[in-house]
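Take a moment to look over the chain before reading on. The paragraphs below start with its pockets and then turn to the sheet and the overall build.

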Amino acid sequence: MVCLYGDAGQGKTVALQYALSQMPHPARVRRIHVGVHPTVPELRRVLADALELGRRLPRGAEEADLMLVNALRQPRVLVLDEAQRLPGPALEFLRGLWDHPDTDTALVLAGAGSERALRRVPALASRVLTWELVPRLGLREVATVMAAFHPLWEDVTADDVAWVDEHVGHGKFRTWAKLASHLTAET
């Protein structure tokens, strides 16, 4: 398990997408989308969909969980963004699934505040292998990161990037990405 956290708009999702694209062998990546405070049955259904179990999930919780555990034996990466939305029972449910010794699926729990949510469930937090903070971009990082992100920023001087960051960007990746989108949009 990995916890990817940082303030909103820092670029966690983009950083994760980039990291996954750099893996030597293409990983089977599935994204898990949850609503706010999902129940365990809702989380079970979302996991079944992400694991491509479709409508074959049995009605009984015990049988359904066994089917999920069997599906988690396949190497892949599940990304659960907005993990801070998960209530304690849903986090405990994930811990139970990933406690199985044959689980070969990596779980990335990401989101602003996800580290605090996971730490409220110590048994789950103790199973997180890596805690990765995505911080606000420093002034020196902004020019390099944005030039790599979008060609618009490739030829902008360091002084101009510093001015834009001070007045608009404030080291927030999302703000810089929106700015690039607005500046390159056709009218």
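Which residues line the largest pocket? They are Gln10, Gly11, Val14, Ala15, Tyr18, Val134, Pro135, Leu137, Val145, Ala148, Phe149 and Phe173. On a 1 Å grid over the protein atoms alone, a pocket is an open set of points where a 1.4 Å probe fits, with protein on both sides within 12 Å along at least five of seven lines, and lining residues have an atom within 4 Å of a point. Helix H1 (12–21) and helix H7 (139–149) are the elements that give two or more residues to this lining. By class, the lining of the largest pocket has 10 nonpolar, two polar and no charged residues; Ala, Val, Leu, Ile, Met, Phe, Trp, Tyr, Cys and Pro count as nonpolar, Asp, Glu, Lys and Arg as charged, and the others, Gly among them, as polar. The volume of the largest pocket is about 330 Å³, taken as the space filled by probe spheres set on the grid points, which are joined across faces, edges and corners.

This is a predicted model, in which local features need pLDDT of at least 70 and side-chain atom pairs count only at pLDDT 80 or more, while totals for chains, interfaces and linings use all residues. Residues are numbered from 1 along each chain as its sequence is written, and side-chain values use heavy atoms, with hydrogens and water left out.

The second largest pocket holds about 190 Å³ of space. Of its 11 lining residues, Val2, Leu16, Leu20, Val77 and Val108 lie nearest its centre. H1 supplies the largest share of this lining, four residues. By class, the lining of the second largest pocket has 11 nonpolar, no polar and no charged residues.

Now to the sheet. Five strands form an open sheet with parallel pairing, in the order E2-E3-E4-E1-E5. Strand E2 (29–32) and strand E5 (130–133) each have a single partner strand, so one side of each is left without a neighbour in the sheet. Strands pair if DSSP finds at least two bridges between them; E2 and strand E3 (residues 76–81) are joined by four bridges. In this pair, Arg30 stands opposite Leu78.

As a whole, the chain has nine helices and five strands, which are DSSP runs (helices H or I, at least four residues; strands E, at least two) numbered from the N terminus. Of its 187 residues, 37% count as buried, meaning under 20% relative accessible area with a 1.4 Å probe, protein chains only.

Conventions: Buried < 20%, exposed > 50% of the residue type's maximum accessible area, 1.4 Å probe, protein only.
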